[in-house]
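This briefing concerns a single predicted model. Please consult the sequence and the coordinates alongside the points below.

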Amino acid sequence: MDVKSAFLNGTLKEEVYVKQPLGYVVEGQENKVLKLKKTLYGLKQAPRAWYACIDEYFQKNGFSRCPYEHALYAKENKDGEIMYVCLYVDDLIFTGSNLRMFEEFKERMIEKFEMTDLGLMSYYLGIEVKQSEEGIFLSQKNYAEAILKEFKMDRINLVATPVEYGIRYSKFDNTKKVNPTLFRRLVGRLRFFNLYKARYFVCSWCH
């Protein structure tokens, strides 16, 4: 599910003032400012205020927050059936053992927040999700291919050990310097790729 205009739901805990927006300036009071009651996109307080809002709502409605991953919540009913909800900014993914819990959750969320039900998850944070009767398969094929294409490595020959043999590295050689921005971007992309493979939504709290 996707929360529409999520940051507009946050409540400010401090006084914030903004200039009168163009088209809404009060004639004769042009030098006055407006006091915000809710957060706006662009405010540094907006993400934290939104998280505080959704966190409070979850915990008031029977969910417990994972102590190790604060974006992961769980709710268990009297029959021992459980539901997990994972929050990423304004996106929610959920799973569990009871379809009725899903429907109740969606109804309550739509009553509280303006939301869109996106149906079964097929793509999330660069991760492709294929669901079938056999199970759920996760991959980052498109993400990996995009990395190769961006750094012009999509048509190279495969080798067992992709390191030039016998080369000596020196800080003071005359070779062309590597673009540091390009290098950092590549490392960041590869770190996200490896992070996905190493991390699943499982922790000791879930057991």
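The model is predicted. Its largest nonpolar core has 26 residues, and a second, separate core has 5 residues. The second largest pocket has a volume of about 330 Å³, and H3 gives the most residues to its lining.

**Nonpolar cores**

- In soluble globular proteins, nonpolar side chains tend to be buried together.
- Within the largest nonpolar core, which has 26 residues, Phe58, Leu92, Phe105, Met109 and Phe113 have the most contacts.
- At least two residues of this core come from each of H1, strand S6 (82–88) and helix H2 (99–112).
- H1 supplies the largest share of this core, with 6 residues.
- A second, separate core comprises 5 residues, among them Cys66, Cys86, Ile93 and Tyr124.
- When residues up to four places away in sequence are not counted, Met109 touches Ile54, Tyr57, Phe58, Leu92 and Met115.
- Two of these partners of Met109, Phe58 and Leu92, are also listed with Met109 among the core residues that have the most contacts.

**Pairing of S6 and S7**

- Strands S6 and S7 (residues 91–96) are antiparallel and pair over 6 bridges.
- Tyr84 has Thr95 in S7 as its bridge partner.
- The hairpin of S6 and S7 has 2 residues between the strands, and Val89 in this hairpin takes a positive phi near 55 degrees.
- Val89 is found in the loop between S6 and S7, and its phi is positive although Val89 is not a glycine.
- Val89 counts as partly exposed because its relative accessible area is 41%, a value between the limits of 20% and 50%.

- Strands of a sheet pair through backbone hydrogen bonds, either parallel or antiparallel.
- S10 (residues 127–132) and S11 (residues 135–139) pair over 5 bridges in the antiparallel sense.
- The hairpin that joins S10 to S11 runs through 2 residues.
- Ser132 has Gly135 in S11 as its bridge partner, while the bridge partner of Gln131 in S11 is Ile136.

**The second largest pocket**

- The volume of the second largest pocket is about 330 Å³.
- Helix H3 (141–150) and helix H4 (180–198) are the elements that give two or more residues to its lining.
- H3 makes the greatest contribution to this lining, with 4 residues.
- The lining residues include Ala144, Glu145, Ile147 and Leu148, together with Leu186, Leu190 and Phe193.
- Phe151, Met153, Asp154, Ile156 and Leu158 are also part of the lining of this pocket.
- By class, this lining consists of 10 nonpolar residues and 2 charged residues, with no polar residues.

**The loop between H3 and H4**

- Lys152 is placed in the loop between H3 and H4.
- The phi of Lys152 is near 55 degrees, which is a positive value in a residue other than glycine.
- Lys152 counts as exposed because its relative accessibility is 72%, which is over the limit of 50%.

- Gln45 lies in the loop between strand S3 (33–35) and helix H1 (46–60).
- Gln45 counts as buried because its relative accessible area is 17%, which is under the limit of 20%.
- Leaving aside neighbours within four places in sequence, Gln45 is in contact with Leu12, Glu14, Val16 and Thr39.
- Arg48 is located in helix H1.
- Arg48 counts as exposed because its relative accessibility is 70%, which is over the limit of 50%.
- Arg48 and Gly10 are separated by 38 residues in sequence, and the distance between their C-alpha atoms is 8.1 Å.

Terms used: Residues numbered from 1 in each chain as written. Predicted model: local features only at pLDDT ≥ 70, side-chain atom pairs only at ≥ 80, totals over all residues. Heavy atoms only, no water. 1 Å grid on protein atoms, 1.4 Å probe; cavity = no way out; pocket = protein on both sides within 12 Å on 5 of 7 lines; lining within 4 Å. Points joined across faces, edges and corners; volume = space filled by probe spheres on them. Nonpolar A, V, L, I, M, F, W, Y, C, P; charged D, E, K, R; others polar. Pairing = 2+ DSSP bridges. Buried < 20%, exposed > 50% of the residue type's maximum accessible area, 1.4 Å probe, protein only. Contact = heavy atoms within 4.5 Å. Core = buried A, V, L, I, M, F, W, Y, C linked by side-chain atoms within 4.5 Å.
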